[in-house]
Amino acid sequence: LQANPFYSDLRNLYEPLYKAAAQRGEQTLIVVPAAAALEKVAITSALVESHILKSAYIPGSYLNLLGQGVEITQAAVTTEFGFDEPRSCTILQEEFMYDFGCSFRIVVVEKPLTGSLKSGGRQAPSDSSAAMTTDWLANAPKTEDWMLSEVLHFSNTYVQAPGCEAHCARRIQRIVDESTRKLLHHYDTKAGKNDQQSIQQQVEHQVYTHLFQFLWGHIIRTLKDYDRKLHKHILDSSDPSTLTRQLMVDDLLATVDCRASAAELKKLDSMISPHEKVECLVRARTLMENQLTEAVRAERARAERRQPGVTQKIKEVTHDDLLCLFMLSICQSQLTNVLPHMFHINMFMSVDGTMKTEPQKQAFMLFQTAITYFRPATTASRQGSLSAPTANFSAMLGAYGSASGKQADGMPVFIDIDDEFGGGDMQPLH
């Protein structure tokens, strides 16, 4: 083990990560790829973080520092949610290590849990102190343990009910706020304004990652029938030429290649935190803007060749153009669990106090507005021009879950899904 390049780099180049992991004691399990499998693998900080595991308080289940799920049996380590590809790695060796006053477990496996096996040579971090300053929770183990205990208590005691997701999101935000406050107190004056934002973002990401199975299972069960109907309507509109006629888009917009943005949206299926998902939407929107801009330039060049010397009118990229491209991309993406993804992101986006950027808000608004176009309620009125989008989720989807828009305890629910997506043959959720 001492001669293993991964273990050696972990001890020397990434010592802050190793020390923080060791100090968690029995909650830590470090996966070390066999030396023979590392000959052409770059040992980066991301690779190291993906192999440092923390107990998920479920026997055999762990989360790495990137929030990805791993299952461990006596014979193998298997990647679960969050990884780009499933991978099962045979355990070759197992031992207990004692370091920094704590005992923890190490397993040696036949190959890395993630990453290409044919990448370039090994790399050192540009600044070994950067790993310490960016992993705020790892360097405050007491606060991290408090946060994890609160998350565990919440998942064991909170009863999720359909229509009360907004209340659930606010309860989660309380854990985030208190964990952030404790971290800021721990670092005192060491954390500047940008670092404070980084701390809150990391806490939010970690809390939602640890609660993924708790939240996602409820969302999937609640929206199963509604999402099935929505998916059918998306499939009915999956032909790009048919959809462009329904939307009455201009000829230029119909030439935009949406394959790259559709592939980006498909990545939502492998993501586990709403933060990752909304950033995926931002990237998809950027791809759409770039593709549309290229289409505009190409059309202008063609027009100048047809009419040299004549000033050409430049088409402006509008909100409705991007909305149409989102619809086309959703159809081509073969994305599953479309409605659950939207609700999962909205649990994060709808709560006051969460770290949201303007590009994230705009991308999510386009995504959710595009989805409502495919809801069964609009089937009868599909033909014709696209209606103007609205920035308010509640106004866009209709009234809240009851006539007054409030639950009995005064807490607003998300939406009346039965009216908007379910049709007349389902029981209301509230």
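Biologist: Why is Phe100 called partly exposed?

Modeller: Phe100 has a relative accessibility of 32%, so it falls in the middle class. Please note that the model is predicted: local features need pLDDT of at least 70 and side-chain atom pairs count only at pLDDT 80 or more, whereas totals for chains, interfaces and linings use all residues. Residues are numbered from 1 along each chain as its sequence is written, and side-chain values use heavy atoms, with hydrogens and water left out.

Biologist: Is Tyr18 buried or exposed, and how do you know?

Modeller: The relative accessibility of Tyr18 is 0%, and therefore Tyr18 counts as buried. In the protein chain as a whole, 49% of the 430 residues are buried.

Biologist: What makes two rings an aromatic pair?

Modeller: A pair of aromatic rings is described by the distance of the centres and the angle of the planes. Rings of Phe, Tyr and Trp (its six-membered ring) pair if their centres lie within 6.5 Å; planes under 30 degrees apart are stacked, over 60 edge-to-face, and the rest tilted. By this rule there are 7 aromatic pairs. One of them joins Tyr18 and Phe100: the centres are 6.0 Å apart and the planes stand at 65°, so this pair is edge-to-face.

Biologist: Why is this pair said to link distant parts of the chain?

Modeller: Tyr18 belongs to helix 2 (residues 15-22), while Phe100 is in the loop between strand 6 (88-99) and strand 7 (102-109), and 82 residues separate the two. Helices (H or I, at least four residues) and strands (E, at least two) are DSSP runs, numbered from the N terminus; the protein chain has 17 helices and 7 strands. Ring pairs also link Tyr18 and Phe100 with Tyr7 and Phe104 in a cluster.

Biologist: What makes Lys182 count as a charge over the ring of Trp146?

Modeller: The rule requires NZ of Lys or CZ of Arg within 6 Å of the ring centre and within 35 degrees of the ring normal. Lys182 lies over the face of Trp146, 4.9 Å from the ring centre.

Biologist: How do you know that Asp99 and Arg11 form a salt bridge?

Modeller: Side chains of opposite charge can pair when their charged atoms come close. A salt bridge is a side-chain nitrogen of Lys or Arg within 4 Å of a carboxyl oxygen of Asp or Glu. For Asp99 and Arg11 the N to O distance is 3.4 Å, and the pair meets the rule. Asp99 is in strand 6 and Arg11 in helix 1 (residues 5-12), 88 residues apart. Asp99 is buried because its relative accessibility is 16%; Arg11, at 31%, counts as partly exposed. The whole structure holds 11 salt bridges.

Biologist: What makes helix 14 largely enclosed by the rest of the structure?

Modeller: Of its 12 residues, 12 are buried, so helix 14 is largely enclosed. Helix 14 covers residues 338-349 and reaches 16 Å from its first C-alpha to its last, close to the expected 16 Å; the expected span is 1.5 Å times one less than the number of residues.

Biologist: How many disulfides are found in the whole structure, and by what rule?

Modeller: A disulfide is a pair of cysteine sulfur atoms within 2.5 Å, and the search finds 0 of them. Cys89, at 0% relative accessibility, counts as buried, and Cys280 is also buried, at 0%.

Conventions
Buried < 20%, exposed > 50% of the residue type's maximum accessible area, 1.4 Å probe, protein only.
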